[in-house]
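Open the model in your viewer and get ready to select residues.

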Amino acid sequence: LVSRKVKSEDTVLDIDGVRIGGDAPPIIVAGPCSIESEEQMEQTAAFLAAKGVKILRGGAYKPRTSPYGFQGMGVDGLILGSRVAKEHGMLFVTEVMDTRDVEIVAEHADILQVGARNMHNFALLREVGRSRRPVLLKRGLSATIEEWLYAAEYILSEGNNEVILCERGIRTYEKWTRNTLDLSAVALAKQETHLPVIVDVTHAAGRRDLLIPLAKAALAVGADGIHVEVHPSPATALSDNEQQLDFAGYDKFSESLSSLLRQP
Ligand code: PEP
Ligand code: MN
């Protein structure tokens, strides 16, 4: 179902007027790694909305490496994220990690994110496939392109055709980046499927100084959007404080990409 052999024309999502894929201009998905407080979300949404960003991200359920790391605000985070996004005319995307949470997350989020660590969670893929919300599907940490596309197939096979693929870097032997951004996967996914494909430069690089060149490269190979973490005060963030952009950093980032983004 995800194959271009089945459907040759690009799938273009229209989520409350925000178009993603095909001939739509590339979109930006931005916001903090984790939803931490009302002030943090309010400042971030106000800043990003003023810059024309239409999709606000923020994790309420966080897949942390350590069980002792900040696990997210849960339902309170969902309520906060969706309210702040709405107040600023933005869509809200957030991760769902558990089949038992799909219903509540779908109630508050405009787009459900399946994270890299859950790309192989077939029960979760089926459950989001039964939901009425579009799904942003991250590529797994060590997933092949074929496995990633089969994960999308799980969602479509349950009747949900609104899937956005997201390349976020894969595990390799390289240590100077957190992951290795696989641009071939972006070009191949665009070629082999009709689905929109976006690139998460933040989790791919794991360091701020590479975000601009990686985003330029992603757009050059045909990505339909860029996913980037932005936080009012990255140094004090409760997760991913090495890689989130502050507001001045986001300004520089979006200015560097402006000719490639052609934001309406
Ligand atoms: C995220 O986007 O919040 C996240 C945890 O990313 P990934 O699943 O790609 O690691
Ligand atoms: Mn993060």
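**Stop one: around the ligand**

The shell around ligand 1 holds 3 nonpolar, 3 polar and 5 charged residues. Keep in mind that this is a predicted model. Now select the shell itself. Surrounding ligand 1 are Cys-33, Gly-59, Pro-63, Glu-95, Gly-115, Ala-116, Arg-117, Lys-138, Arg-168, Asp-200 and His-203.

Next, select residues 247-261, which form helix α9. What does α9 span between its end C-alpha atoms? The span is only 18 Å, while a straight helix of 15 residues would span 21 Å at 1.5 Å a residue.

Now colour Tyr-250, Phe-253, Ser-254 and Leu-257, which are buried in α9. What covers the buried residues of α9? Show α8 (211-220) and β10 (225-229), which are included in that cover. Then step just past α9 to Arg-262, where phi is positive, at about 45°.

**Stop three: Arg-130**

Jump to helix α4, residues 122-130, and select Arg-130. Is Arg-130 buried or partly exposed? Arg-130 is partly exposed, because 13 other C-beta atoms lie within 10 Å, and being buried takes 20 or more.

Show Glu-158 and Gly-159 too: Arg-130 touches both, leaving aside residues up to four places away in sequence. Asn-241 and Arg-130 are 111 residues apart along the chain, and 35 Å separates their C-alpha atoms.

Conventions
Residues numbered from 1 in each chain as written. Chains lettered and ligands numbered in written order. Predicted model: local features only at pLDDT ≥ 70, side-chain atom pairs only at ≥ 80, totals over all residues. Near = placed C-beta within 6 Å. Nonpolar A, V, L, I, M, F, W, Y, C, P; charged D, E, K, R; others polar. Helix = DSSP H or I, 4+ residues; strand = E, 2+ residues; numbered from the N terminus. Expected span 1.5 Å × (residues − 1). Buried ≥ 20, exposed ≤ 12 C-beta atoms within 10 Å, placed from the backbone. Contact = placed C-beta atoms within 7 Å.
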